[in-house]
Amino acid sequence: MPRREEMAKNRWLAPLASTIARSELWRFNRRSVPRGVALGVFAAFIIPLGQTFLAVLLALPSRANLPLAAVTTLITNPFTVAFWAVVAHRLGVFVLKIDDATTGMANEHVQSTWFQSFAQWAEIAGVAAFGFVILAVVGAAIGYLVASFVWRFVVARKWIQRRGKFKTAQPAE
């Protein structure tokens, strides 16, 4: 992951250099971490290409953690995109209640084989796109909640460890 100084010097990011270099976008705190995870997951599922760029653009106005927003887009990488496409299509079919009866009835009215194959492809793509939108929204919400709970758990554990070290360091009276 490049550092913020390197990203500020990048010629492609020159218009956003002063905004990207702000230190609050690179800090890990209880508000920016869940936002970064949620925006990264949302961007990962909402568009197939350029999701890291979208996650960074979404993280800027929401003051989310930029590195986490960029890294969590790797949920949909070239190795897992086929799996997520199948999941999105099945989710879209389940939510829209599409079965063979509804697609068969619509295809009977179309006589041209070229148009029929195009209509089938458009239906599959539309259902999968709807599934990806559902995955993006639900995944972002789950990512936000999980990151919030993990953050609270880690901080609570550190406080307990600090308290234990403090008690053992004090002399007995």
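A residue is buried when its relative accessible area is under 20%. With that cut-off I began my entries on this predicted model.

**Whole chain**

I looked up burial first. Buried residues account for 28% of the chain's 173 residues. Next I checked the surface. The accessible surface is about 12000 Å², and carbon and sulfur atoms hold 68% of that.

I then went through the secondary structure. The chain has eight helices and zero strands. In sequence order I noted the pattern α-α-α-α-α-α-α-α.

**Spans from the record**

I turned to UniProt. Its unreviewed entry lists residues 39-60, 67-87 and 124-155 under "transmembrane region". I looked at two of these spans in the model.

Residues 39-60 are 82% helix and 0% strand. Their end C-alpha atoms are 11 Å apart. Residues 124-155 are 100% helix and 0% strand. Here the end C-alpha atoms lie 45 Å apart.

I picked Phe42, which sits in helix 3, residues 32-46. Is Phe42 buried or partly exposed? Phe42 counts as partly exposed because its relative accessibility is 28%.

Which residues does Phe42 touch, leaving aside neighbours within four places in sequence? I found contacts with Leu58, Ala136, Val137 and Ala140. I followed up on Leu58. Phe42 and Leu58 are 16 residues apart in sequence. From C-alpha to C-alpha, Phe42 and Leu58 are 9.7 Å apart in space.

Technical notes: Residues are numbered from 1 along each chain as its sequence is written. This is a predicted model: local features need pLDDT of at least 70, side-chain atom pairs count only at pLDDT 80 or more; totals for chains, interfaces and linings use all residues. Side-chain values use heavy atoms; hydrogens and water are left out. Helices (H or I, at least four residues) and strands (E, at least two) are DSSP runs, numbered from the N terminus. Buried means under 20% relative accessible area, exposed over 50%, partly exposed in between (1.4 Å probe, protein chains only). Accessible areas come from the Shrake-Rupley method with a 1.4 Å probe; for residues, only the protein chains shown count as cover. UniProt positions are given in the numbering used here, feature names are shortened, and annotations may be inferred rather than shown by experiment. Contact means heavy atoms within 4.5 Å.
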